[in-house]
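Trainee: I have a new model open on my screen and would like to learn how to read it. Can we go through it feature by feature?

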Amino acid sequence: MPKKAVFSKKQIFDQAFALFETKGLEAITARNLGKALSSSPAPIYAHYDSITQLKNELISVAKDRFLEYLKRPVTDKIYLNIGIGICTFAKENKQLFISIFLREQSFSDLIREFRDVIKVEMNKDSRFNSLSNEFKDMLFFDCWTYAHGLSTLIATGFFPADNEPDDEYIKERLMQGAATMLYKRLEDYNSSLNNK
């Protein structure tokens with residue numbers, strides 16, 4: 001009788017995270033993970049009560065990694081740091097970015113969770129405290145659209161591997177595009193308040 005394969009929780013998690021990165025959250029099933037471990041699914045349940053529990057842990061680790069990028073103090077402007085963080089995350093975690101934000105079968109709740117993390121960070125920028133929530137949501141959408149577009153180009157190989165954008169290029173693009181749009185919106189918003 002062959003010896004039963006024994007895996008540590010870390011080995012199972014690492015294999016599951018690799019599947020998550022390359023094939024998306026929908027690929028995390030007991031059968032797929034067992035196959036990736038060259039085992040039956042049984043060892044998974046020695047460490048996890050359910051696949052849902054494992055998926056929640058995967059999402060939590062991915063969100064923490066994403067948040068690290070958003071919080072990097074590259075500049076003194078929180079909004080700009082968030083945009084740079086999204087793009088840098090896409091550059092350094094291409095498959096994970098694609099799995100979270102671009103998969104056809106992505107879970108809309110998962111994407112919403114990651115967007116909510118961004119909103120929390122954006123709300124820490126005191127320059128926007130006096131703005132209405134409706135206006136802040138519009139600013140968020142505009143900035144998200146621009147940063148997500150640039151990060152998608154980065155993650156999907158639009159830029160040749162030998163000419164990937166560096167942090168300075170990303171910062172410059174965001175300053176010329178998203179920041180210009182942001183300050184124009186703020187100017188229009190303040191003008192509309194002054195005209196009332």
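Mentor: Let's start with burial: buried means under 20% relative accessible area, exposed over 50%, and partly exposed in between, using a 1.4 Å probe and protein chains only. Phe89 is buried, with a relative accessible area of 0%. Before we go on, a word on the source: this is a predicted model, where local features need pLDDT of at least 70, side-chain atom pairs count only at pLDDT 80 or more, and totals for chains, interfaces and linings use all residues. Residues are numbered from 1 along each chain as its sequence is written, and side-chain values use heavy atoms, with hydrogens and water left out.

Trainee: How many helices and strands does the protein chain have?

Mentor: Helices (H or I, at least four residues) and strands (E, at least two) are DSSP runs, numbered from the N terminus. The protein chain has 8 helices and 0 strands, and its C-alpha trace spans about 80 × 40 × 30 Å along the principal axes. Of its 196 residues, 42% are buried.

Trainee: Is H4 largely enclosed or open?

Mentor: H4 is largely enclosed by the rest of the structure, because 13 of its 15 residues are buried. From first C-alpha to last it reaches 20 Å, close to the 21 Å expected at 1.5 Å a residue; the expected span is 1.5 Å times one less than the number of residues.

Trainee: How many aromatic pairs are there in the whole structure?

Mentor: Rings of Phe, Tyr and Trp (its six-membered ring) pair if their centres lie within 6.5 Å; planes under 30 degrees apart count as stacked, over 60 as edge-to-face and the rest as tilted. A search of the whole structure gives 10 aromatic pairs. One of them joins Tyr69 and Phe89 edge-to-face, at 5.4 Å centre to centre with 80 degrees between the planes. Tyr69 sits in helix H3 (residues 51–70) and Phe89 in helix H4, so this pair ties together parts that are 20 residues apart in sequence. Tyr69 is buried too, at a relative accessible area of 8%. Ring pairs also link Phe66, Tyr69, Phe89, Phe97, Phe101, Phe140 and Trp144 into a cluster.

Trainee: What is Glu121 in contact with?

Mentor: Contact means heavy atoms within 4.5 Å. Leaving aside neighbours within four places in sequence, Glu121 is in contact with Leu67, Lys71, Ile78 and Ile82. Glu121 belongs to helix H6 and is buried, with a relative accessible area of 8%. The C-alpha atoms of Glu121 and Leu70 are 7.6 Å apart, though 51 residues separate the two along the chain.

Trainee: And where does Thr152 lie?

Mentor: Thr152 lies in helix H7 and is buried, at 18% relative accessible area. With neighbours within four places left out, Thr152 is in contact with Phe97 and Leu102.

Trainee: Which helix gives the most to the lining of the largest cavity?

Mentor: On a 1 Å grid over the protein atoms alone, a cavity is a set of points where a 1.4 Å probe fits but cannot get out, and lining residues have an atom within 4 Å of a point. Grid points are joined across faces, edges and corners, and a volume is the space filled by probe spheres set on the points. The largest cavity holds about 170 Å³ of space. Of its 19 lining residues, the closest to the centre are Tyr79, Leu80, Cys143, Ala178 and Ala179. H8 gives the most to that lining, with 6 residues.

Notes. On a 1 Å grid over the protein atoms alone, a cavity is a set of points where a 1.4 Å probe fits but cannot get out, and a pocket is an open set with protein on both sides within 12 Å along at least five of seven lines; lining residues have an atom within 4 Å of a point.
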